[in-house]
Amino acid sequence: MAFLASVSQFLGKTFALWVLVFAGLAYVSPDSFKFFAPYISPLLGIIMFGIGLTLKASDFSEVFRRPMAVAIGTLGQFTIMPILAWLLCLIFNLPPDIAVGVILVGCCPGGTASNVMTYLARGDVPLSVTVSSLSTILAPIVTPALIYLFAHSWINVNPVAPIILGLIVKAIFKSKIDAAVTALPAISVIAIIMIVSAVVAVSQKKIAEIGLLVFAVVVLHNGLGLLLGFFLGKITGMDVAKCKALSLEIGMQNSGLGVALATAHFNPIAAVPSAIFSVWHNISGPIAAAIYRRMQDKGSADQNDPT
């Protein structure tokens with residue numbers, strides 16, 4: 001089990017590299033990866049079930065201890081990124097399918113990688129975990145509603161069911177399930193890599209035509225999200241640790257979920273922005289964390305120092 005945990009940890013740390021490698025292979029040899037496409041929805045279910053296994057009551061304690069900070073973070077998550085996505089689609093006059101994909105990734109909840117980046121950045125980890133958990137639970141309702149609002153489309157998806165199943169299994173087996181949880185990062189990474197590879201494979205020709213434009217939009221979307229997330233914390237009077245948490249929480253999306261939803265409910269090309277986001281935010285996140293790590297409130301001791 002220790003070996004499995006170490007492998008899982010290694011895959012989690014090198015997630016961006018593996019996504020990039022397999023996306024490249026799928027682009028060069030699309031026929032070798034297209035067979036993953038029919039399994040995207042089950043893979044999504046596995047990821048969401050795993051999220052349910054990792055959630056526990058203590059993850060939500062911050063909701064009651066600091067409700068205002070959690071509310072601001074969650075509201076920022078579901079307003080800043082969707083609005084930025086919508087504006088970028090208008091400014092760059094993106095094709096309809098790509099515009100839907102950009103808006104979709106903007107409407108997804110925060111990615112779990114943001115919790116790790118917040119930890120490395122010496123940010124407010126409990127706040128990050130709580131906002132991630134809450135936004136994930138709200139996503140089955142909020143994400144389709146935002147897609148309808150900004151893209152004038154409706155997606156019939158309910159990822160809350162696997163989450164609830166995971167929570168039930170966790171409640172029944174309790175500590176017995178902890179050993180299995182150590183493998184979840186590896187399972188999630190493998191599932192997302194398979195999803196991204198399938199999307200790149202089936203959309204290879206379209207990516208060749210518009211890849212640079214989509215990449216530019218994704219970089220702007222992510223960068224502005226990081227900046228505005230930090231600014232949101234500042235204007236609402238939060239300390240630097242909380243500002244770091246909001247920045248990373250808002251700027252880093254659950255793009256794996258975006259890939260799966262786009263492929264399942266739209267043209268596969270709509271998943272391209274999420275696939276690119278999957279790679280890019282795992283590059284920009286560590287960079288932002290390294291910068292934020294040097295920042296802290298004057299005269300305050302850092303309570304989230306990972307060293």
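This is a short tour of a predicted model, stop by stop, with something to select at each one.

Before you click, note that residues are numbered from 1 along each chain as its sequence is written. Because the model is predicted, local features need pLDDT of at least 70 and side-chain atom pairs count only at pLDDT 80 or more, while totals for chains, interfaces and linings use all residues; side-chain values use heavy atoms, with hydrogens and water left out.

**Stop one: Glu249**

Select Glu249, which sits in helix α14 (residues 240-251). Helices here are DSSP runs of H or I with at least four residues, strands are E runs of at least two, and both are numbered from the N terminus. Is Glu249 buried or exposed? Glu249 is buried, at a relative accessible area of 1%. (Buried means under 20% relative accessible area, exposed over 50%, partly exposed in between, using a 1.4 Å probe and protein chains only.) Now show what surrounds it: beyond residues up to four places away in sequence, Glu249 touches Gln77, Gly110, Gly111, Ser114, Asn115, Ser128, Val131 and Ser132. Contact means heavy atoms within 4.5 Å.

**Stop two: helix α7**

Next, select residues 96-107, helix α7. Of its 12 residues, 10 are buried, including Ile98, Val102 and Cys107.

**Stop three: the second largest pocket**

Pick Leu20, Ala23, Ile207, Ile276 and Val279, which lie nearest the centre of the second largest pocket, out of 17 lining residues. Elements giving two or more residues to that lining are α2 (15-28), α12 (184-202), α13 (204-235) and α16 (272-293). Which of them gives the most? Helix α16 does, with six residues.

(On a 1 Å grid over the protein atoms alone, a cavity is a set of points where a 1.4 Å probe fits but cannot get out, and a pocket is an open set with protein on both sides within 12 Å along at least five of seven lines; lining residues have an atom within 4 Å of a point.)

Keep Ala23, in helix α2, on screen. Ala23 is buried at 14%, and its C-alpha atom is 9.1 Å from that of Val279, 256 residues apart along the chain. Leaving aside neighbours within four places in sequence, Ala23 contacts Val196 and Val200.

**Last stop: Leu227**

Finish on Leu227 in helix α13, which is exposed with a relative accessible area of 59%. Ile250 is 23 residues away in sequence, and the two C-alpha atoms are 9.2 Å apart.

Conventions: The expected span of a helix is 1.5 Å times one less than its number of residues.
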